[in-house]
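Visitor: Hi! Could you walk me through this one?
Guide: Happy to; let's have it up on the screen.

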Amino acid sequence: SVSGSTSKAEIINLIKHYLPNTKVLYGGSANENNIEELKEISSIDGYLLGGLSLKPEKLDIFLKKIKN
């Protein structure tokens, strides 16, 4: 989802603009349902997994989608 009129990509790109050597991990509930959208944001360097890491079936789907 988008916060106001600012997209995830815009916020991440702003962080990278001011901190160019910083890795950005997306921690906003990355899951098997939104990973396709998140993969399109090339400036994301990785994902923090919360509850998803406790659900092996969903984690497997998430990891397969990241790989493809």
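Guide: One term before we start: a polar contact is a pair of N or O atoms within 3.5 Å; within protein, one must be able to donate a hydrogen and the other to accept it, and residues adjacent in sequence count only if both atoms are side-chain atoms. The model is predicted, so local features need pLDDT of at least 70 and side-chain atom pairs pLDDT 80 or more, while totals for chains, interfaces and linings use all residues. Residues are numbered from 1 along each chain as its sequence is written, and side-chain values use heavy atoms, without hydrogens and water.

Visitor: Thanks! Which backbone nitrogen does the Asn 34 side chain reach?
Guide: That of Asn 31, at 2.8 Å. The Asn 34 side chain also reaches the backbone oxygen of Ser 29, at 3.1 Å.

Visitor: And where does Asn 34 sit?
Guide: In the loop between strand 1 (25–26) and helix 2 (35–39). Helices (H or I, at least four residues) and strands (E, at least two) are DSSP runs, numbered from the N terminus.

Visitor: Why does Asn 34 count as buried?
Guide: Because its relative accessible area is 17%; buried means under 20%, exposed over 50%, and partly exposed in between, using a 1.4 Å probe and protein chains only.

Visitor: New topic: what pattern does the chain follow?
Guide: Along the sequence it reads α-β-α-β-α, with three helices and two strands. Of the 68 residues, 22% count as buried.

Visitor: What makes up the largest nonpolar core?
Guide: Ten residues: Ile 12, Val 24, Tyr 26, Ala 30, Ile 35, Leu 38, Ile 41, Ile 44, Leu 52 and Phe 62. Such a core is a set of buried Ala, Val, Leu, Ile, Met, Phe, Trp, Tyr and Cys residues joined through side-chain atoms within 4.5 Å.

Visitor: How about Tyr 47: which residues is it in contact with?
Guide: Setting aside neighbours within four places in sequence, Tyr 47 is in contact with residues including Tyr 26, Ala 30, Ile 35, Leu 38 and Phe 62; contact means heavy atoms within 4.5 Å. Tyr 47 lies in strand 2 (residues 46–47) and is partly exposed, because its relative accessibility is 24%.

Visitor: How far is Tyr 47 from Ile 11?
Guide: Their C-alpha atoms are separated by 15 Å, and the two are 36 residues apart along the chain.

Visitor: Last one: where is Leu 14?
Guide: In helix 1 (residues 8–18). Leu 14 is partly exposed, because its relative accessibility is 48%.
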